[in-house]
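Subject: Structure handover

Hello,

Here is the structure for your files. My notes on what was found follow below it.

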Amino acid sequence: MTAPGWYNEGKKLTEGEVYAFSFEKLITLSDQEDYMVMEDPFGIRHMIMYKYYMHYGLKPGTTVHCMVDKINCTGRVFLEPEHPVYKKGTKFLFEFVRIQPCTDRRKCLK
């Protein structure tokens, strides 16, 4: 799926593709959440909730590579910034620590 931006002469973002976005600024909206204002290569601005990516070390004024995760039926574009450590297609070895049974199902689902 692709989504045209406003007034961009037909240039489109494509689901699954990675683009270089400019992290323009950090804003707080009326929901009291911080959002990153990201500008795509075609000059269209998008917002990403900051709290999920604050540990990525992203700063306004930098370039952030984001994958277009989804474009819904209303044209809203969902972006996923590139993880600072784990990259798609690479393998990592982790040490197995333990299996811990869960006695309270409600706590296990959190």
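Tyr19 is buried, at 14% relative accessibility, where buried means under 20% relative accessible area, exposed means over 50% and partly exposed lies in between (1.4 Å probe, protein chains only). This is a predicted model, in which local features need pLDDT of at least 70 and side-chain atom pairs count only at pLDDT 80 or more, while totals for chains, interfaces and linings use all residues. Residues are numbered from 1 along each chain as its sequence is written, and side-chain values use heavy atoms, with hydrogens and water left out.

Aromatic pairs

The structure holds 5 aromatic pairs. Rings of Phe, Tyr and Trp (its six-membered ring) pair if their centres lie within 6.5 Å; planes under 30 degrees apart count as stacked, over 60 as edge-to-face and the rest as tilted. Tyr19 and Phe42 make an edge-to-face pair, with 6.5 Å centre to centre and 65° between the planes. This pair links distant parts of the chain, 23 residues apart: Tyr19 is in strand β3 (residues 18–28), and Phe42 is in the loop between β4 (34–39) and β5 (45–49). Phe42 is partly exposed, with a relative accessible area of 27%.

Tyr53 and Tyr56 are also paired edge-to-face, at 5.2 Å centre to centre and 75° between the planes. Tyr53 is buried at 9% relative accessible area, and Tyr56 is buried at 14%. Together with Tyr52, Tyr53 and Tyr56 form one aromatic cluster.

Chain layout

The protein chain has 1 helix and 7 strands, in the order β-β-β-β-β-β-β-α from the N terminus on. Helices (H or I, at least four residues) and strands (E, at least two) are DSSP runs, numbered from the N terminus. Of the 110 residues in the protein chain, 23% are buried. Among contacts (heavy atoms within 4.5 Å) between residues at least 6 apart in sequence, 42% join residues at least 24 apart.

Nonpolar core

A nonpolar core is a set of buried Ala, Val, Leu, Ile, Met, Phe, Trp, Tyr and Cys residues joined through side-chain atoms within 4.5 Å. The largest one has 17 residues, of which Met36 and Met38 touch the most other members. Strands β3, β4, β6 (63–71) and β7 (77–81) each supply at least two residues of this core. β6 gives the most to this core, with 4 residues.

Leaving out residues up to four places away in sequence, Met36 touches, among others, Phe23, Leu26, His46, Ile48, Tyr53, Leu58 and Pro81. Met54 is in the loop between β5 and β6 and is partly exposed, with a relative accessible area of 48%. Met54 and Met36 are 18 residues apart in sequence and 9.9 Å apart in space, C-alpha to C-alpha.

Asp40 lies in the loop between β4 and β5. Asp40 is buried yet has no salt bridge, and the nearest side chain of opposite charge, Arg45, is 8.9 Å away. For charge, Lys and Arg count as positive and Asp and Glu as negative; His and the chain ends are not counted. A salt bridge is a side-chain nitrogen of Lys or Arg within 4 Å of a carboxyl oxygen of Asp or Glu.

What does the side chain of Asp40 meet in a polar contact of 2.9 Å? The partner is the side chain of His46. A polar contact is a pair of N or O atoms within 3.5 Å; within protein, one must be able to donate a hydrogen and the other to accept it, and residues adjacent in sequence count only if both atoms are side-chain atoms. A polar atom of the Asp40 side chain also lies 3.0 Å from the backbone nitrogen of Gly43. Apart from neighbours within four places in sequence, Asp40 is in contact with Leu13, Phe21 and His46.

His46 is in strand β5 and is buried, at 12% relative accessibility. Beyond four places in sequence, the residues that His46 touches include Leu13, Phe21, Met36, Val77 and Leu79.

Salt bridges

The structure holds 4 salt bridges. Glu24 and Arg45 meet in one of 3.4 Å, N to O; this pair links distant parts of the chain, with Glu24 in strand β3 and Arg45 in strand β5, 21 residues apart. Glu39 and Arg45 meet in another, of 3.1 Å, N to O. Glu24 is partly exposed at 30% relative accessibility, Arg45 at 45% and Glu39 at 22%.

Lys87 forms a salt bridge with Glu82, the closest N and O atoms being 3.8 Å apart. Salt bridges that share partners join Glu24, Glu39 and Arg45 into one network.

Regards
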